[in-house]
Amino acid sequence: MENNIKKAIEQIDVPLDKLDAAIMIGVQANVKKRPKRMMKLVLGLVSTLVLVLLSGYISPSVARVLATVPIIGNLYYDIEQQDIGLQVALSDANKIVLNESVTSSDITVTFEEIVFDGERMHVIFSMDEFRDIYPLYIYVDGNLVNQAEGLRELESDTGYRGLWELDFEEELPDAFEVNIQIRYIEGIKGDWQITTPIQKVANNEKTIATNQQGQVDGIDYEVIELKTSNTSTVLKMRFAANFTTMLMGEQRLKATITDQQGMPLKVLDFNTGGESDAPEFKYIIEPLADDVSKMVVQLYYEPLIYERNEINKRLSKTLPQRISFGKMGELVITDIVEKDHLRTLTFKVESSFAFDYDFDPSVHVQNRAGESLVTEYVHAVGPNEYELTYQDTGGDVYVSLLEMPKLEVLERFELDVK
């Protein structure tokens, strides 16, 4: 039965380049949900994902995004390794430990911990198994607030544990009463809610004055906020342009953010807000290391739709191995370190373009059948230098990535963070 469905779907003529773009936008919209201002980007997301999973069509770039979606993703969220700022926040005395269980419609949700760092609120919860919860309502001092909502799965010996990451449109006070409400779980109506006072963690937050203004592709911009703390770095920019033009046309405006040495900074969250004719970009970045004196922002346009050409090369036993990915340069695999059944692959990117922390287009490692072997996704270890970890199953290993269209930096500026 499954094979028949798969064969039928594979015979459907699907414009793969457009499907790539649709999935990327749709999944990102699904992972980051705004109750009041959510864009209606992709109406058939669920059916699209079914099509993708059954047909085996997952490009490296799409696969990296799908891995953040519960159930589809098969990697657990490691707080210590993936979010240093959250680790700092969860060790603060202002963290709220609840372990309060609420049962409604025969479904129990346990609210375990809540922490607020001034920018993000994290809520750890658990259930007997994963169930879809949407929407999530957050009230601050009795007022409903808009938030972007992300969900990560945590390791658990029994049942399901999740971590909500909430990023708010409006500035919240340092101390307030928060009420978290769930009204539907898997479409079942009920009443799951908790109320607790909460206070911002002591994260040594500082606002850095900046008068940075400029133009990118004829569009005026200004840096309206730059804040550093022990839990995050916040960069907010405003543009004098139409929101749809900047993000939903044939191309979207993006940024690579590095330190003064060219080391990519890890972007924990990216959200858009502001007005339709004055959109704002908000980057929540990992806490800055002590040796970072400047943030370097490079703005460029990335086409939303381009010809999809997936590159697959068998991993050579002789290194270095060079793999061209089109007009943007070459990927050079320099080392593979073995530990038990895991292999950590290191590669450099020979390109004049500065790629981001996750290296988009993401490199993927798979077996001959096209099944993913990745256990830890691509992350930067230096300027245009990356690592990923995969499981060694004894057979041939293939490196996969997408050929990139030409990308050009349109505007580059530096921000002094000392």
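Mentor: The discussion below concerns a predicted model, and takes up salt bridges, strand pairing and aromatic rings.

Trainee: Why is the contact between K95 and E113 called a salt bridge?

Mentor: The N to O separation between the two side chains is 3.7 Å. The cut-off is within 4 Å, so the pair qualifies. K95 belongs to the loop between α6 (84-90) and β1 (96-104), while E113 belongs to strand β2 (residues 107-116); the pair therefore ties together parts 18 residues apart in sequence.

Trainee: What makes K95 buried, partly exposed or exposed?

Mentor: Its relative accessibility is 23%. Buried requires under 20% and exposed over 50%, so K95 counts as partly exposed.

Trainee: How do you know that D392 and R343 form a salt bridge?

Mentor: Their closest N and O atoms are 2.7 Å apart, and the limit is 4 Å. The bridge links distant parts of the chain, with D392 in the loop between β24 (385-391) and β25 (398-402) and R343 in strand β21 (residues 342-350), 49 residues apart.

Trainee: Which accessibility classes do D392 and R343 receive?

Mentor: D392 has 25% relative accessibility and is partly exposed. R343, at 11%, is buried, because the class takes values under 20%.

Trainee: What can be said of D396 and R368?

Mentor: Their side chains meet in a salt bridge, with 2.7 Å from N to O. D396 is in the loop between β24 and β25 and R368 in the loop between β22 (364-366) and β23 (374-382), so parts 28 residues apart in sequence are tied together. D396 is partly exposed at 27%, whereas R368, with a relative accessible area of 62%, is exposed. Shared partners also join other salt bridges into one network, made up of E119, D167, E171, D174, K200, E205, E225, K227 and K282.

Trainee: How many salt bridges are found in the whole structure?

Mentor: The search finds 25.

Trainee: How do you know that strand β8 and β9 pair?

Mentor: Strand β8 (residues 175-185) and β9 share ten bridges in the antiparallel sense. At least two are required, so they count as paired. Across this pairing, F176 stands opposite I198 in β9. Both strands belong to an open sheet of four strands in the order β5-β4-β8-β9, with antiparallel pairing.

Trainee: What makes β5 and β9 edge strands?

Mentor: Each of them, β5 (143-144) and β9 (188-199), pairs on one side only.

Trainee: How many aromatic pairs are there, and why is that of F270 and Y283 called tilted?

Mentor: The count comes to 18 aromatic pairs. For F270 and Y283, the centres are 4.9 Å apart and the planes stand at 40°. Stacked needs under 30 degrees and edge-to-face over 60, so the pair is tilted. F270 lies in strand β15 (residues 267-275) and Y283 in strand β16 (residues 278-285). F270 is partly exposed at 33%, and Y283 is buried at 5%.

Trainee: Why is the pair of F347 and F359 called edge-to-face?

Mentor: The ring centres are 5.6 Å apart and the planes meet at 65°, so the pair is edge-to-face. Both F347 and F359 are buried.

Methods:
Residues are numbered from 1 along each chain as its sequence is written. This is a predicted model: local features need pLDDT of at least 70, side-chain atom pairs count only at pLDDT 80 or more; totals for chains, interfaces and linings use all residues. Side-chain values use heavy atoms; hydrogens and water are left out. Helices (H or I, at least four residues) and strands (E, at least two) are DSSP runs, numbered from the N terminus. Buried means under 20% relative accessible area, exposed over 50%, partly exposed in between (1.4 Å probe, protein chains only). Rings of Phe, Tyr and Trp (its six-membered ring) pair if their centres lie within 6.5 Å; planes under 30 degrees apart count as stacked, over 60 as edge-to-face and the rest as tilted.
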